[in-house]
Amino acid sequence: MTSTTEILRETAARLLASGAVEMVIGFRQGTIPMMNEPCFVRKPAEAGLLVWDSHCGINLANYVTDRKEKKIGIVAKGCDSRNLVTHILENKIRREQLVVIGVPCRGMADKRKIAMKCPGEILRVHETETAITAEGEGFTRTFEKADVLQHNCSLCTHRNPVIHDELAGEPVEEQQGVDRYADVRAVEAMSPEQRWKYFEDLLAPCIRCYACRNACPLCYCPTCFVDESRPQWVGKGQDPVDVRTFHFLRAYHCAGRCTDCGACERACPVGINMRLFTKKLEKDCLELFGWEAGLSLEVRPALDHYRPNDPNDFIR
Amino acid sequence: MSDWEPKIVAFLCNWCSYGAADLAGVGRMEYPPHIRVIRIPCTGRMSPNFFLAALREGADGVWVSG
Amino acid sequence: MGIEPGRLQFSWISSAESTKFVTVAAQVTEAVRALGPNTRFIKPLAEVA
């Protein structure tokens, strides 16, 4: 992992020094452990700030929409690169503006899983290829990385960047035979009443902070439907009906675009797994249209073109 | 709730079903009175927003027709 | 989401098919009548007022 950091710093410094890019978007060490933060490097001398480890979960594709710089370097893992493809298809950024520094990814750690298994506040974290060690006041815990991966990372089948101009490290082996939709099928098997109850419980802790929306690279609308007041689609309070409307519609806006990067779930302060909604739509897109978002710049997305064999059995 | 009757919001495309509804009216055909028609310029105007908004405002069913 | 299948219906009717419009309108009404009143996505009345 350290070597990836070194390659990133070297690459960023080289690109900035040669003028190939005006800035590089990457990660730097956060102020608290396991919380690396996005970082915009504009000078070669600052390239040393960049880091790469198992806590770079934030989706950096979120930061390139409508940027005016002529050339932007961006550090991208598998899911970030897929979201960059989506952005390019949706004309939020031009491919020529980007120099994608791809990072083959082995999955990001879920800080909640680690924190829950530690008896106190974690003050330091270090890691090797396969293990993460957390230290705090009077305790040291070591975890197998595979045991503390974010749920979406443990199911990921696109770990290598789909587009890249530079590659920091050797491509990793993609996971095979992953059952991505076990949780979605469990919900599908429920009756409407059970499902209603299930989502009621799932969304009960939501405080409508919109962290999921803000962390999501797809949510770039200038005015989100929840902020509109004419017409006001959804109430501003914490009424369960409004909470559900918000999550339901947000998920629909992500249909056929979501790459299951897990940014929403990671950003949630109360730990709601709202990925269940977007994953259901992702599953439908795959099953009905054979479409997975962000894999190619050549193919138009499932929901913005028509094919005569599109399923239409639901229409009378 | 024995006297309950359903309220149905129908989103009809200006060029297709709205025309059909118009023709049904001109032809003096009878159809259930539970349907409230909203004309949309094209079924492409339909959005999940509308569906939820209709339910939230008390509709019992939503019918989208192109 | 737990909305009963049948609350939302789609159809495709050309502007000349007034008979089809009438039949589908009746079908939709019957389907929704069979489901009963919608209780989901409605706020309690007191809060709306």
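Predicted model: local features only at pLDDT ≥ 70, side-chain atom pairs only at ≥ 80, totals over all residues.
Biologist: What do the buried residues of helix 2 of chain B pack against?

Modeller: Three chains are involved. In chain A, the partner is helix 8 (240–253). In chain B itself, the partners are strand 1 (8–13) and strand 3 (61–65).

Biologist: Which residues of helix 2 of chain B are the buried ones?

Modeller: The helix covers residues 48–56. Its buried residues are Phe51(B), Leu52(B), Ala53(B), Ala54(B), Leu55(B) and Arg56(B).

Biologist: And which residue with a positive phi follows helix 2 of chain B?

Modeller: Look at Gly58(B), which comes after the helix. Its phi is positive, near 105°.

Biologist: Let me step back to the chain. How many helices and strands does chain B have?

Modeller: Chain B has 2 helices and 3 strands. Read from the N terminus, their order is β-α-β-α-β. The C-alpha trace spans about 35 × 30 × 10 Å along its principal axes. Of the 66 residues in chain B, 41% are buried.

Biologist: How do I read contact separation? What share of the contacts in chain B with a separation of 6 or more joins residues 24 or more positions apart?

Modeller: Compare sequence positions for each contacting pair. In chain B, 82% of the contacts with a separation of 6 or more are between residues 24 or more positions apart.

Biologist: How do strand 3 of chain B and strand 1 of chain C run, parallel or antiparallel?

Modeller: Follow the bridges. There are 4 between strand 3 of chain B and strand 1 of chain C, and the two strands run parallel. Trp63(B) stands opposite Gln9(C) of that chain C strand.

Biologist: What about helices? At what angle do helix 1 of chain B and helix 1 of chain C cross?

Modeller: Look at the axes. Those of helix 1 (residues 17–26) of chain B and helix 1 (residues 18–35) of chain C come within 8 Å and cross at roughly 95°. Angles of 65 to 115 degrees count as roughly perpendicular, and therefore these two helices are roughly perpendicular to each other. Chain B contributes Ser17(B), Ala20(B), Ala21(B), Leu23(B) and Ala24(B) to this contact. Chain C contributes Ser18(C), Lys20(C), Phe21(C) and Val22(C).

Biologist: Over to chain A. How many residues of strand 3 are buried there?

Modeller: Strand 3 (residues 72–76) of chain A has 5 of its 5 residues buried. Check each face in turn. Ile72(A), Ile74(A) and Ala76(A) are on one side, Gly73(A) and Val75(A) on the other, and both faces are covered.

Biologist: Which residues stand opposite Ile74(A)?

Modeller: Ile25(A) stands opposite Ile74(A), and so does Val100(A) in strand 4 of chain A. Strand 1 (residues 23–28) pairs with strand 3 of chain A in the parallel sense over 3 bridges. Strand 4 (residues 98–102) also runs parallel to strand 3 of chain A, joined by 5 bridges.

Biologist: What unit do strand 3, helix 2 and strand 4 of chain A make?

Modeller: Trace strand, helix, strand. With helix 2 (residues 78–89) between them in the path, these elements of chain A make a right-handed β-α-β unit.

Terms used:
Residues numbered from 1 in each chain as written. Chains lettered and ligands numbered in written order. Buried ≥ 20, exposed ≤ 12 C-beta atoms within 10 Å, placed from the backbone. Contact = placed C-beta atoms within 7 Å. Pairing = 2+ DSSP bridges. Right-handed = clockwise from strand over helix to strand, strands pointing away. Axes fitted to C-alpha atoms, helices over the stretch in contact; angles between N-to-C directions. Parallel < 35°, antiparallel > 145°, perpendicular 65-115°, else oblique.
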